[in-house]
Amino acid sequence: ERALAALRELRGEASEVDPYGFGVRVSDALRTYIRDQHGLDAVTRTSVEFLEVLRGNAAFTSNEKGAISEFVDSVDLLKYARQAAAAEEIQTLLEIAERVVRGERPPQTVVSK
């Protein structure tokens with residue numbers, strides 16, 4: 001519920017938040033959820049380390065792993081490369097995070113690079 005609340009809050013602020021700030025917050029929400037729900041150290045690991053651990057985890061389907069991997073790559077572009085993001089791309093990242101938290105099948109396309 002905490003992760004969904006954080007994502008709902010971000011959705012409400014999506015038009016006002018800068019891409020970097022959004023990237024940090026959406027990443028924190030999903031990584032914290034994965035840590036709390038699945039016991040993976042998703043918060044303190046680098047993206048590469050996190051994705052390596054995720055690949056070997058049977059709790060996630062291959063589709064979820066692919067979507068999370070794309071999500072992490074796209075969020076890293078927002079956070080570290082300071083890439084701009086269109087409103088549609090921000091909504092797609094929110095949708096992926098929400099679907100992972102709800103246990104629904106996430107979409108396979110994320111942010112264009």
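Trainee: Is Arg35 buried, partly exposed or exposed?

Mentor: This is a predicted model, and the surface of each residue is computed from it. A residue with under 20% relative accessible area is called buried, and one with over 50% is called exposed. Arg35 has a relative accessible area of 36%, so it is partly exposed.

Trainee: With which residue does the side chain of Arg35 meet in a salt bridge?

Mentor: A salt bridge here requires a side-chain nitrogen of Lys or Arg within 4 Å of a carboxyl oxygen of Asp or Glu. Arg35 meets Asp36 in this way, at 2.9 Å from N to O. Asp36 is partly exposed, with a relative accessible area of 41%.

Trainee: How many salt bridges does the rule give, and which others may I examine?

Mentor: The count comes to 7 salt bridges. One of them joins the side chains of Asp41 and Arg45, at 3.9 Å from N to O. Asp41 is partly exposed at 31%, and Arg45 is likewise partly exposed, at 30%. Another links Glu95 with Arg99, whose closest N and O atoms are 3.3 Å apart.

Trainee: How many residues apart are Glu95 and Arg99 in helix α5?

Mentor: They are 4 residues apart, which means a separation of about one helical turn. Glu95 is partly exposed, with a relative accessible area of 31%, and Arg99 is partly exposed at 28%. Salt bridges may also share partners: Arg2, Arg35 and Asp36 are joined in this manner into one network.

Trainee: Where should I look for nonpolar side chains?

Mentor: In soluble globular proteins, nonpolar side chains tend to be buried together. In this structure the largest nonpolar core has 31 residues. Phe22, Val26, Leu30, Ile34, Ile68 and Phe71 have the most contacts inside this core.

Trainee: Which elements give two or more residues to this core?

Mentor: They are α1 (2-13), α2 (19-38), α3 (47-55), α4 (62-79) and α5 (87-102). The largest share, 7 residues, comes from α5.

Trainee: Which residues does Leu30 touch, not counting those up to four places away in sequence?

Mentor: Leu30 touches Phe71, Ala97, Val100 and Val101.

Trainee: Finally, what should I note about the backbone of Arg82?

Mentor: Arg82 has a positive phi of about 55°, although it is not a glycine. Arg82 lies in the loop between α4 and α5.

Trainee: Is Arg82 buried or exposed?

Mentor: The relative accessibility of Arg82 is 57%, and therefore Arg82 counts as exposed.

Note on methods: Residues are numbered from 1 along each chain as its sequence is written. This is a predicted model: local features need pLDDT of at least 70, side-chain atom pairs count only at pLDDT 80 or more; totals for chains, interfaces and linings use all residues. Side-chain values use heavy atoms; hydrogens and water are left out. A nonpolar core is a set of buried Ala, Val, Leu, Ile, Met, Phe, Trp, Tyr and Cys residues joined through side-chain atoms within 4.5 Å. Buried means under 20% relative accessible area, exposed over 50%, partly exposed in between (1.4 Å probe, protein chains only). Contact means heavy atoms within 4.5 Å.
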